Every structure is written in structure tokens, then in C-alpha cells.
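Reader: I am new to this structure. Please go through the terms used for it and show what each one rests on.

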Amino acid sequence: MPRPAAARVGTGAAARPGPGAGEQDGASPFGRLAATVERLRREVLAAHAEADGRALVELAKGILVERLGCGPAQAARQLAELTEQAGATPLEFAVEVINQASRDRLSEVTSAFLAVTTGTGARETATAPGTARNRSSAVRLRAAESGALAADDTQAVADSLLEHALTPLGAEAVAIWATGADGSLTLAGSAGFSAAEAGRWRYVPPGVATVARRGLAERSGQWIASLSATGLPTIGQHHHPDGGRVALPAGAGGRIHGVLEIAWPAPLAPQPPQIVRQIEALAELCAHTLESSARLHPDGEVSPRVVPDVAELMDLADGLHDPALVLAPQLDADGDLVDFRIQHVNSHFLDPAGRPRGVVSGALLLEAYPMAAGHSELFERIERVYATGEPFRAHRMRLTALVGEVPLAAVADISISRHAGSVLLIWRIEDEAARLASLLQHAQRLGRIGGFEENLLTGEITWNGQLFDLYGKPVSSPPVPLEALAAHAHADDAVAIGRFLRTLLHGRRPASTAFRLQRPDGVTRHIRVVAEPVLDSDGRPFVVRGAYQDISAQHWTEVALAATRDRLAHTEQQASERNRLTLQLQHAIMPPAQAPLEADNLQVAVRYRPAETEQLVGGDWYDAVVLPSGLVLLCVGDVAGHGIEAATSMVVLRNALRGLAVTGAGPGQLLSWLNMVAHHLTGAVTATAVCALYDPRDHSLRWARAGHLPPVLVRDGETAALPLLRGILLGAVPEAVYEEHEVQLAVGDTLLMYTDGLIERRDRSVEESLAQLLTAARTVPPTLDQQLDRLLTYSKSDTDDDTCIVGIRVA
């Protein structure tokens, strides 16, 4: 059989030396040695080709012996005659005989390839142009198959596949991966890759994403046009990063033994179906080789099987305390996996439908549980484990079994593992009673509850483990009877325990009490005991059942809460008294309405509205007084904060401003002095204020502001806020200068000075609230008092703050 050109090194003209050089080299000792090595090499290659072809020819002779019923010599003569008539070589005709006799995957691939290349399929004669190409393809495939079956290791299979079947397809390298039970990949054989590259990729741990592992995900494998587009690492990726790759699962009989990965130097175009089937046939060859190689140690000796036969796996299942099934693969005539037969059911197995084990044992899995394939995907899980060997675990997996026409649902913990050629399925149906008992035990532990039962006739006492922990006693110590309960409790609780026992034993009624348990380790625990008697037919108690609960945390929580309530009550009382004194102080200095002020041609009215919540008593203040000079002092202010401190600070600033005003200074100077008082003499109090001096003789008003809202002027039904003068709030800095402004008032004008409690809202800005005040002030009632009352009534403030208003009207 001829070898590919790459294998016939030294047989072409390029390998023959030139005349002059050849004679010179051949005459030397080294030249004669090189010629001898080259001749021996060609003989070895020819021997290999002859051996490959001889195996196929001998196989064809055997087929003729069986079909014709003749001897080997007559079969050889018949084969020679038929070869001569067909006009083919003995090797090509032998392959045709094998294909027609076997009708296997390789023969199907060859027939499909013939149908495409000739265009007429089997009707073509032996001399048709496509037939020669078909024979060449069939020879390559059969030679690859022969080499794979004759090889004693996977490396030889890789060499044979690349040489006979893949190089004609344009491939440059091939890798055969073996899958491990843990999901790992081992490079079992490779060809076309360097030894260093193969060494680096000898082992791929589980979970590492590679081209080969991607090929295990789907039965059709992965056909990658360009390796660079995927970004997946793989063997030889740096040699041709844009080359094509194919990774197919190597499986047989429903089991996946590895992956066949093929590398092309250039991007891979979509392949025709006949090429796809040819490569799939090669993957099947690899699966048979990997299955055989898995039983051999690296040194060539046969290794012991994990589970020698099904009988040992059955013994293993019987030794388990969990329910278990032993499943064997069920193959069809073509060798494909169609189902699993339940070969064995151990004694602990519980069927979801309640059927006896004898009904389930021996049946096919999909017959016994037809819904396993669809609803719960159980069959797919088993099939995947059998194919890959990777175990599967699932907690509380919902299953559905169909018995007759009634679907039954169950929840189970599933464990699936492969052992040699069988699958072990552990299928534990959830026990509702056991689950509830576990939940009860968990609740008792969280609630620190211990249960007991005492037989009054025999004196036998049963405690659970939690009760021993409550008492601080080892489990090996004897339980404490109810009659001796007082001996383990605080002396002050003896009366309560006695009342509990009388109600329980003599009154024959359920009873409960709380006591302080004195533990052996010196720790005192607060315990509540609840018990009820069990009466016999004569109405006499013979068993007492009950529980102890550690309520120490609850007791100390109640003690802490009681102490907290006492402290809160005392604090509330102090706060109430404090607020009462604050309100008295505020109302004594600033009553809600002030007596009419006597001034020439001037009406003055003031209003003060305290905060609606007593805890928010603030520091708003106002003043309106006629000075000795005849000028009228008008002011409003707001001290930051609430409570007694704000009220006392308000008194200090109000009285200080009254005293400073008799000096005859203007409003700007008065605020500068008042700022010094707030900063130095009141403990760094901050406040806002508006100060004005009105001259009744010419109706002029000089005013200044310290961080406060400007006054509002009402004239002829129109309202406007006075200019926003420069002036920082009081007490912020040691010294400050405040700008003054003079307004000439006319008869009928009204001026309003107020604190922010009149307009401030949580959901609106100050500008919006001021605009609403200007709208409300346009309405001018007959008297000034009525106007101030109307503004307080229609105020939309929602901050529960104090409110002060000072109004003057020129008469």
C-alpha cells in the first residue's frame, strides 16, 4: 500500500544526491553508512505498508472462504480473478469485499462518499471516474481501522489515523483524549504535535474549559471554523491560531470514553455530510481503543477492575444502609443505548409508588418509571453518568412515577455513579415523619426545651439530651424526679414548686410554674416547667409527661425592660416638668397678645403662637416698645434650638436689645452689639433677628437684619418683601457689621415682621412659602389685629415651630 508523500522521505529526486557529490559521499565511510540507513528505512516503510495491506487482503480471503465455502487457496485464486476483472489492485478490491460484507459505519461512509463524487452512486461501473477516488478513500479508512485495531496503545492509533485518514483531508495533527471519572482529560495519544507541546497538555484538570471539553457537551461535537474566534485554550493553539478544529466525543454503546480532536492549519470551511460521517466513524474507532486501553497499566499489565462483575456491585448495594438500584445498559441492534435494566434492588429500596421490590427488579427503567425521562430528567442524568463516568448528586430532587393512570410525586435524594459497565443509583425517598422529628428536635434546641416522662408506678424517668444540658448534668447521670425538684431549686421557690406538684399529682390537672434552677456548676438558670398527668382507667395518674424550658434570657430581658420603663418614666416626668417651666417662662415674658401700644398715628399689634408640641418649645421672641427718644423699637428673633436653653437665651437677647436701644444707636449698630452679646455672654448662642426703629414724626422706618427673613410691606392692596440686606446671624462670629435701610411709610401702609414658623414647610422652598405669604397678606381687614389673626389662621406651616408676628399700620 503506498504511503503519503510526507511518509516517503528519501524516495524522491530531492533525496538522491547529485552525481558528483553522490560519488564522493558514497566513497566515504560516512556516505556508505548514510546510504545503508536510508535503504533500511525505505525497507521498513515498505514492510509497514505491505503489512497493512496484507491484513486487509487476508480479511477479504476469509470472507470469501465463509461465503463460497471453499478453502484458502481457492479463495486466493478467486480473489485474484475478481481483482483482474475489476481492473483494480488487490488491496482496493479487498477493501470493496470487506465493505460489502460488513455493512458497518465505514462502509456507509464509503457509499455516501461514492454517491457524491460520482453523482450516480452504485450504478456507476468500476471504470467511472469517481470509483477510483472512492476506492482510495475506502482503502485509507480500512487501513486506519486495521491500524487502530492492531495497535497496542492509543499513540499508535493516533499515528495511524493521521497518516491514513486525516492527512488526505488536509488535517495536520490529531489528539486523542481519555476522560476520567472526575471529569479530567488525559492526552492518551497525539500525532502532528511536538513532543514538548504534548508534554504540556498531558493532563487537563476537571472544570478547565478547553476545545476538547467543549466537544463533550454535545453528541455532534464541536466544529470550529477558526480557533481564534472561540478564545478556548487547547493543544497546539499557538502554531496555527486561526486554524480550524474539530472535537468529537469518542463513544460506543452509550459510553463516552474520550474525545477525538483534529487540527487544520487554515480556517475550516463547512464540511459535506460524507466527511462528517467519516470523522465520526474515526471517533468510534478511538472509543474502542480507549476502552481496551483503560484496562491496561502503563507497563502493559492488566489492571484489576474497580468492580469485577455485576455480582460484586450487587453485594456492594446490599451492604449500603440507603436504598439502591443496580442498572445495566440496554443496547439495541445497532449498539445504541436505549434504556437501563434494573438488575438488582437492595432491601432498603422504597418505590415511590409503593410497589414491592420484586415488581421493580428485572424491569427496564423507563418501563418501571416512564416519567423519569421527561419530568425529572432522571434518565438523562443516568445516561450522562454512564457516558462520562462523572458522578451526580442531587438533594431533594422531585420525581414523578406513573402507575396506571395516576401520577405520584415524591421528593428524594439522588446519587448516581458508574462502576465498570453498570450504574449504581441510590434513591432515598424523603421520610416525612423523620423530617418532622428532625424539625421538632431542631426547634427544641433553638427554644432550649427539654422533654421528660416519669412513670409514677415504676419510678422510671426518661429525659432527652437537651434536658441534661439544661440541668448541667452528664447524660450518664440519673434524672431528677419531680418530687426532688425543690432540692435543685432556689429556696424561695419552694412554695411555687409545691403548688405545682399538688395541682399536677393530687389535682390531676396540667400545671406549670417558674423557678430558679441551681445547677451543679454554680450557674443559676430561670426555668419554666410544664407537665400534664396521664390517667389510667380508674382516673389515677400513672405517667407524667412534660417539658422544661430555659427562660433565663426572657427573664433578664423582662428585668431590663422593667428597669428601662422606670428610667423612661422618670425621664418623662423630668422632661414634662422642664417643659412646663419653659412654657411658664415663655408665656410670662411673651404673652400671646400684648396690650395696645400708645404711639402717635401708629397702630401696633403682636401675636405669639407657641409650638403645638410641648417638647419643641423654642426661642422665638418679639418686642415693641416706645423709647425715651420717642422712637418705636420693633423687633422679632429666633434662637436656634428648643427647650429651656433656647428660652433663657431668648430672654437674654430680648432684654439686652431693650437696654442697648436707649443709647440712641441705629438698628445696624444695635445688631452689632447684640451679636457680641450672643457670641461672648450666652455660651455661643446663635440666633436670627430683625430690628427696626420707627419715627412717628416723619413716618420713616430704619431697619437691619441678622440672617432673618425681611419684613413685608402692604400698600394699596399690593405686597412686597423689603430688600434682602447683608447681615450674618447673631453669635456666628465675634464681630459683625450689619447693613441698614430706610423706608418711607405712608398713611395706610402696613409692615409685617415675623419668624419662620409662620411660613416654613417641609415640602417647599423658602421662596415658595414667602410667595404664599405675600398672596395671603394682600387682603387687608379693617383692623390690624384682624389681619394678624387671619395670617395665623391661614398659615400653611407644618414644622410645629413657634411663630411671632409684629405688625404696624400708619394712621
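**Charged pairs and aromatic rings**

Author: In this predicted model, the side chains of Asp521 and Arg519 meet in a salt bridge, at 2.7 Å from N to O.

Reader: Why is the contact of Asp521 and Arg519 called a salt bridge?

Author: The cut-off is 4 Å between a side-chain nitrogen of Lys or Arg and a carboxyl oxygen of Asp or Glu. The N to O distance for Asp521 and Arg519 is 2.7 Å, so the pair is a salt bridge. The structure holds 16 salt bridges.

Reader: What makes Arg519 buried?

Author: Buried means under 20% relative accessible area, and Arg519 has 17%, so Arg519 counts as buried.

Reader: What makes the salt bridge of Asp749 and Arg715 a link between distant parts of the chain?

Author: The side chains of Asp749 and Arg715 meet at 2.6 Å, N to O. Asp749 is in the loop between strand E24 (740-744) and strand E25 (750-754), while Arg715 is in strand E22 (residues 712-715); the two are 34 residues apart. Asp749 is buried at 3% relative accessibility, whereas Arg715, at 32%, is partly exposed.

Reader: How many aromatic pairs does the structure hold?

Author: There are 6 aromatic pairs. In one of them, Tyr471 and Tyr548 are edge-to-face, with 5.6 Å centre to centre and 85° between the planes.

Reader: Why is the pair of Tyr471 and Tyr548 called edge-to-face?

Author: Ring centres have to lie within 6.5 Å, and planes over 60 degrees apart count as edge-to-face. Tyr471 lies in helix H16 (residues 465-471) and Tyr548 in strand E16 (residues 541-550), so the pair ties together parts that are 77 residues apart in sequence.

Reader: Are Tyr471 and Tyr548 buried or exposed?

Author: Tyr471 is at 3% relative accessibility and Tyr548 has 2%. Buried means under 20%, so both residues are buried. Tyr471 and Tyr548 also form one aromatic cluster with Phe452, Trp463 and Phe468.

Technical notes:
Residues are numbered from 1 along each chain as its sequence is written. This is a predicted model: local features need pLDDT of at least 70, side-chain atom pairs count only at pLDDT 80 or more; totals for chains, interfaces and linings use all residues. Side-chain values use heavy atoms; hydrogens and water are left out. Rings of Phe, Tyr and Trp (its six-membered ring) pair if their centres lie within 6.5 Å; planes under 30 degrees apart count as stacked, over 60 as edge-to-face and the rest as tilted. Helices (H or I, at least four residues) and strands (E, at least two) are DSSP runs, numbered from the N terminus. Buried means under 20% relative accessible area, exposed over 50%, partly exposed in between (1.4 Å probe, protein chains only).
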